[in-house]
Amino acid sequence: MTEEIIQSAPAAPLKKSRVSGVILIDKPQGLTSQQVVSKVKYLLKSPLHDSKKAGHTGTLDPMATGLLPVCLGEATKFSHYQLDADKAYQATIKLGIQTDTGDAEGQSIATAAVPKLTAAELEVVAQQFMGDIKQIPPMYSALKKDGKKLYEYARAGIEIDRPARPITIQAISLTLGAQSDELVLNVTCSKGTYVRVLGEDIAAALGTLGHLTALRRTQVGHFDIAEAVSLEALEDLSHEQRLAYLLGIDACINGIPTLEVSDSQCARLHMGQRLNIKPQLDKDITDYIQTMLSQRHSDADDSGKDEALDSVDIKLVNPKGEFLGLGAVELNGRLQPKKMIQR
């Protein structure tokens, strides 16, 4: 009698749930921003969770600490809102010594006497940097010239001409530090500001040299360091507790109005179809569109470039209040799906 062998079919692999949202990390000193992202991805993955897709919203140098928002999954589609956001820092400036990098990681290249400073003098100098100013980017930066990063030229001993770029300082204060040759700088500034260069320029305005010995980012847009968790604390938690630190997919989006669309409209938007939502535009949304378009046309006229568009971003939710994505809406009520999320 022949025994029949029956082989069972292999079990289908479990479908992993994609981790989507924003987690605010208090970056430690010594790690690159990308190393922090890699660590977060590792801590949020599991046999049931896929955390492969992730990125941060603005680099912090290895020496720097503080707030680093990390976007995962569908939230990466909206990270640009925080890339472009204003940021706040606290820095320590050591006077009397200039380094080649502008911070404590560089080599000393010049020294100068340190004047005796008063709080009143510091306030006067700080106000010189308020508002719209221009700043020359440092050689030790990731900006590119002819496809090559500036820090690569710097390491080869090559100095590249760098045009000054416009930045905006919204708030700034200077106080005396713990040591007689130290200052504490608190600043809120626009995208593209190099605090290292600001520290050097402040030292120059005081009649001496300087470099940063500490830098901590305390705010990114509407995110605050008080909401952040350290990597060490995150590692000590269970996976479920780690996931609880995730903010919503739309956490990076701030300052734009929300429009509720019907389930049928939602289905059409996910198919890439345009909608006429004129009857759904209330006064607040209409005023917002008019203000944004007016500002955009004015900026285009000032720059001499005809880049003004006739639509603005708007946040879309379904009748349950669940975030759907972003749409581009015009004053005539035409809505075009722009970045829709996949759940």
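Guide: The model is predicted, so local features need pLDDT of at least 70 and side-chain atom pairs 80 or more, while totals for chains, interfaces and linings use all residues. Residues are numbered from 1 along each chain, and side-chain values use heavy atoms, without hydrogens or water.

Visitor: What makes Phe 78 and Phe 323 an edge-to-face pair?

Guide: Rings of Phe, Tyr and Trp (its six-membered ring) pair if their centres lie within 6.5 Å; planes under 30 degrees apart are stacked, over 60 edge-to-face, the rest tilted. Here the centres are 5.3 Å apart with 70° between the planes, so edge-to-face it is. A search of the whole structure finds one aromatic pair.

Visitor: Why is that pair said to tie together parts of the chain?

Guide: Phe 78 sits in the loop between strand S5 and helix H2, and Phe 323 in strand S20, so the pair ties together parts 245 residues apart in sequence. Helices (H or I, at least four residues) and strands (E, at least two) are DSSP runs, numbered from the N terminus.

Visitor: How do you know that S19 and S20 pair?

Guide: Pairing takes at least two DSSP bridges, and seven join S19 to S20, so they qualify. They run antiparallel, with Val 312 opposite Val 329 in S20.
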